[in-house]
Amino acid sequence: MAAVILSARALTRHFGGLRAVDGVDFDLHQGDIHALIGPNGAGKTTFVGLLSGRIPAQSGTITLAGEDITRLPAHARVRKGIAYTFQITSVYPRLSVFDNVALAVQQGTDRDLGPAVMAALSRVNLADRAEQTAGTLSYGHQRLLEMGMGLALRPRILILDEPTQGLASGEIANFKALIRSLVPETTVLLIEHNMDVVMDLATRITVLNLGQHLATGTAAEIRANPAVQDAYLGGHHAAD
Ligand SMILES: Nc1ncnc2c1ncn2[C@@H]1O[C@H](COP(=O)(O)OP(=O)(O)OP(=O)(O)O)[C@@H](O)[C@H]1O
């Protein structure tokens, strides 16, 4: 099994009395496409917010390649190679596609931007639209632009929150090919509600439920897990 690149131990974040993330242990292995699934409100977005540093942890630890990063702010984690692609609202609609990616790169490093921006745009097939105003892109292309913004940082770990939401089926096929082209150099952690995408793409799956870790395993192991079926796959949330 590949080395663990990012791990959480007893990671906890409550909102008032609500245990959004409650003592979660988690290991992300180098080169994996690791899907995070679970019913609505399970704590998935909060959990990746804790990993990326957007939300401070209440207790527990996060380590990146053995280094404790629990107290590092988000921008410092970006510099260490953890890119979190924000929701679509992070695209600046009045700026060009190129300038959106250039802004993302500036957050991470101060190297010459042009080649890095164009390489990232090529990766997501938007190079020929570099001069286009981002707000005029289709929804699917804006989602790709967000990924380009993350990839421009050349992250070790790319965290995606519901990347296929709102994509047409043809765009989902392209998305899967893109994700497969990133590993193993980049390790991918994605929150995903589309079970076809999860089962097809993920090399490892973690299920959260009510803020707690329910199970981790391969697609076959997760499908066969009775607790997962109860909480999620076979339950009322299967169509999410
Ligand atoms: N800033 C906040 N303040 C208060 N409660 C919050 C906050 N953020 C999240 N929550 C609550 O924490 C719980 C977990 O939310 P979270 O968004 O992490 O779940 P999720 O698994 O990502 O859900 P979904 O699949 O619907 O996106 C929910 O009950 C949510 O309402």
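This is a predicted model: local features need pLDDT of at least 70, side-chain atom pairs count only at pLDDT 80 or more; totals for chains, interfaces and linings use all residues.
Trainee: In what order do the 4 strands of the open sheet stand?

Mentor: Strand 1 (residues 4-15) is joined to strand 2 by 8 bridges, and 5 bridges join strand 1 to strand 4. Strand 4 (residues 59-64) is in turn joined to strand 5 by 2 bridges. With antiparallel pairing in this open sheet, the order is 2-1-4-5.

Trainee: Which strands stand at the edges of that sheet?

Mentor: The order of the open sheet is 2-1-4-5. An edge strand here has a single partner strand, so one side of it is left without a neighbour in the sheet, and this holds for strand 2 and strand 5 (67-68).

Trainee: Which residue of strand 2 stands opposite Phe 15?

Mentor: Strand 1 and strand 2 form a hairpin with 2 residues between them, and Gly 16 in the turn has a positive phi of about 60°. Elsewhere in the sheet, Ala 8 stands opposite Ile 62 in strand 4, and Thr 63 stands opposite Asp 68 in strand 5. For Phe 15, the residue standing opposite in strand 2 is Leu 18.

Trainee: Which element gives the most residues to the shell around the ligand?

Mentor: The residues around the ligand include Phe 15, Leu 18, Lys 44, Thr 45 and Thr 46, and the shell divides into 4 nonpolar, 6 polar and 1 charged. Strand 2 (18-29) and helix 1 (44-52) each supply at least two residues of this shell. The element that gives the most, with 3 residues, is helix 1.

Trainee: How many of the residues of helix 1 are buried?

Mentor: The buried residues of helix 1 include Lys 44 and Thr 46, together with Phe 47, Val 48 and Leu 50, and Lys 44 and Thr 46 are also among the residues around the ligand. After the helix comes Gly 53, whose phi is positive, near 95°. Helix 1 is mostly covered, and the buried count among its 9 residues is 8.

Trainee: Which residues lie on the face of helix 4 turned away from its buried side?

Mentor: Helix 4 (residues 113-123) has Ala 116, Val 117, Ala 120 and Leu 121 as its buried residues. They cover an arc of only 130° around the axis, which puts them on the same side of helix 4. The face turned away from that side carries the exposed residues Gly 114 and Pro 115.

Trainee: Which residue in strand 10 is the bridge partner of Val 207?

Mentor: Strand 9 (residues 204-209) and strand 10 (residues 212-217) pair in the antiparallel sense over 5 bridges. Their hairpin has 2 residues between the strands, and Leu 210 takes a positive phi near 50° in it. The bridge partner of Val 207 in strand 10 is Ala 215.

Trainee: Is Arg 154 buried, partly exposed or exposed?

Mentor: Most residues other than glycine have a negative phi, whereas Arg 154 has a positive phi of about 45°. Arg 154 lies in the loop between helix 5 (139-151) and strand 7 (157-161). With 18 C-beta neighbours inside 10 Å, against the 20 or more that a buried residue needs, Arg 154 counts as partly exposed.

Trainee: Where does Ala 65 lie?

Mentor: Ala 65 also has a positive phi of about 45° although it is not a glycine. With 15 C-beta neighbours inside 10 Å, Ala 65 counts as partly exposed. Its place is the loop between strand 4 and strand 5.

Trainee: What is the omega of the peptide bond from Val 183 to Pro 184?

Mentor: Pro 184 is placed in the loop between helix 6 (169-182) and strand 8 (187-191). Most peptide bonds are trans. The bond from Val 183 to Pro 184, however, is cis, with omega near 5°.

Definitions and conventions. Residues are numbered from 1 along each chain as its sequence is written. A residue is buried if 20 or more other C-beta atoms lie within 10 Å of its own, exposed if 12 or fewer, and partly exposed in between; C-beta atoms are placed from the backbone. The arc is that of the directions from the helix axis to the C-beta atoms. Two strands pair if DSSP finds at least two bridges between them. A residue is near a molecule or strand if its C-beta atom, placed from the backbone, lies within 6 Å of it. Ala, Val, Leu, Ile, Met, Phe, Trp, Tyr, Cys and Pro count as nonpolar, Asp, Glu, Lys and Arg as charged, and the others, Gly among them, as polar.
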